[in-house]
Amino acid sequence: MGGGAAAAPIPRLTAITFLFLLPIVIQSQTPTISVRDFGATGDGKHYDTAAIQSAIDSCRTKPCYVTFPTGTYLTATIFLKSNVILDIPKGSTILGGTKLEDYPKEFDRWYVILAENARDVGITGGGVVDGQGLEFVVKFDERKNVMVSWNQTGACSGDECRPRLVGFLDSANVRVWNVTFRQPAYWCLHIVRCENTSIHDVSIYGDFNTPNNDGIDIEDSNNTVITRCHIDTGDDAICPKTYTSPLYNLTATNSWIRTKSSAIKLGSASWFELNNLVFDNITIVDSHRGLALQIRDGGNVSDITFSNINISTRYYDPSWWGRAEPIYVTTCPRHSDSSKGSISNLNFVNISAVSENGIFLSGSKGGLLRNLRFININLTYKRWTKYMGGLVDYRPGCQGLVNHSTAGIIMEHIDGLDVENVNMRWFDGRTVQWDNPLDFRPSTVNNVSLLNFHSGVYTQ
């Protein structure tokens, strides 16, 4: 096979540099305001909302650090404003309320900490923001917890009506660093329609059995840098998506991820373009899916690079989306009348994976995958859990779960695939469970080039 279409050059790993990435002044020389001076108790029992909000509203300096002396501060939604940095030091915790009345009437403002239309705003200090996510569990289940849903309010529908932890909406120059986010009831850190966001040295711990407790959701936002983050949660870890406008210039590096869903997932909300995204030097451990593009709503995706990534994927209960794929790229429409998006100029470079399932590359008739490149890839396939294999997962929408023989790489509706220096190894004694290295129909897959591709039995 050969004659592949010319692929676009691999984008360089460029550091998106903004002035806001550097401290405006040394924090120790910046005036601080203590929430204790406004009556906060920090006992974890009495609500400190009014005191915290008063401290924030009193800020006059630029920047203004609002600090939380050692303690636990129970609160309803607090609202950040421009030029305010929440300084939560080690030994201090902001604890989100668990009552419906703790949050605004509008569902899209249900956050423990919320910034709207703010500039030069952020969170730091080494402490913790805790959403008390386990208080929202109706039934504990190691497969997947059953959660509270406040849908009786009419503010939202379905089974996902719970508060998020931290949100920055329609803001600019957002900085989140040196802080731990713990036990979100729903999405954890939500960046919405923001410009110039820096997230670094952040730890996120969500309950591993809780659905929808995503780590970092980047929505309709541009010029975002994520680095040196540790994310251990039940649902998607880093999740760029588009609802109302394109998303471009996202760089995520030097991070560690474990999840029962996708470690990195583009989509599934994908009404607009996603362009120029780079993911580099990331470790993915014991996750249900590694690198995923789940394009369902007509948006086009282009110029995406995944490089220097180590992946371990395994099966979990099939109620979670994913079937242990180390790499998963799909464009099928969410509904029969949905628009068909496309994916082009997608690069995987220096990827190593140990997985219970193979790679799945599936375009659609009206949404082809174009110009995919796999360079320097090491794949080791073996089984170690007892979950059933032999299924392809198109969810959400599309065909759902479909019976299909297991292969090293499954390909559908592709125009332009370059494979160079790929080593595929099959665990000795288990090869009966794997039918073939490459599974595709020439009628839907065109312009494929294989250079230095190896497949063989793995022996210890």
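Analyst: The answers below concern a predicted model.

User: How many helices and strands does the secondary structure of the protein come to?
Analyst: The model is predicted, and Buried residues make up 59% of its 460 residues. Among contacts between residues at least 6 apart in sequence, 78% join residues at least 24 apart. The secondary structure comes to 1 helix and 35 strands.

User: Which strands do the buried residues of H1 pack against?
Analyst: Helix H1 covers residues 49–57, and its buried residues are Thr49, Ala51, Ile52, Gln53, Ala55 and Ile56. In an α-helix, residues three or four places apart point the same way because there are 3.6 residues a turn. The buried residues of H1 pack against strands S1 (32–34), S2 (43–47), S3 (64–67), S4 (71–75), S5 (78–80) and S6 (84–87).

User: Which residue in S6 is the bridge partner of Tyr65?
Analyst: S3 is covered on both faces, with Cys64 and Val66 buried on one side and Tyr65 and Thr67 buried on the other. S3 pairs with S6 in the parallel sense over 4 bridges. The bridge partner of Tyr65 in S6 is Ile85.

User: Which residue stands opposite Thr67 in S3?
Analyst: S1 and S3 pair in the parallel sense, over 3 bridges. Opposite Thr67 of S3 stands Ser34.

User: What is omega for the peptide bond from Lys62 to Pro63?
Analyst: Pro63 is in the loop between H1 and S3. The bond from Lys62 to Pro63 is cis, with omega near -10°.

User: What is omega for the peptide bond that joins Gly267 and Ser268?
Analyst: Ser268 has its place in strand S22, residues 262–268. The bond between Gly267 and Ser268 is cis, and omega is about 0°.

User: Why do the rings of Phe306 and Phe348 count as stacked?
Analyst: The count of aromatic pairs comes to 14. Centres must lie within 6.5 Å for a pair, and planes under 30 degrees apart count as stacked. The rings of Phe306 and Phe348 have centres 5.1 Å apart and planes at 5°, so the pair is stacked.

User: At what angle are the ring planes of Phe348 and Phe374?
Analyst: Phe348 is buried at 0% relative accessibility, and Phe374 is buried with a relative accessible area of 4%. The ring centres of Phe348 and Phe374 are 4.7 Å apart, and the pair is stacked, with planes at 15°.

User: Which residues do ring pairs link into a cluster?
Analyst: Arg175 lies over the face of Trp177 at 4.0 Å from the ring centre, while Arg314 lies over the face of Tyr316 at 3.9 Å; these are charges over rings. The cluster linked by ring pairs holds Tyr103, Phe107, Trp110, Phe136 and Trp150.

User: How far apart in space are Gly127 and Gly91, C-alpha to C-alpha?
Analyst: Gly127 is in the loop between S9 (119–124) and S10 (128–130), and counts as buried at 1% relative accessibility. Leaving out residues up to four places away in sequence, Gly127 touches Ile88, Pro89, Lys90, Ser92, Asn178, Val179 and Thr180. Gly127 and Gly91 are 36 residues apart in sequence, and their C-alpha distance is 6.1 Å.

User: What is phi of Asn447?
Analyst: Asn447 is in strand S35, residues 445–458, and counts as partly exposed at 33% relative accessibility. Phi of Asn447 is positive although the residue is other than glycine, with a value near 60°.

Technical notes:
Residues numbered from 1 in each chain as written. Predicted model: local features only at pLDDT ≥ 70, side-chain atom pairs only at ≥ 80, totals over all residues. Heavy atoms only, no water. Phe/Tyr/Trp six-rings, centres within 6.5 Å; stacked < 30°, edge-to-face > 60°. Buried < 20%, exposed > 50% of the residue type's maximum accessible area, 1.4 Å probe, protein only. Lys NZ or Arg CZ within 6 Å of the ring centre and 35° of its normal. Helix = DSSP H or I, 4+ residues; strand = E, 2+ residues; numbered from the N terminus. Contact = heavy atoms within 4.5 Å. Pairing = 2+ DSSP bridges.
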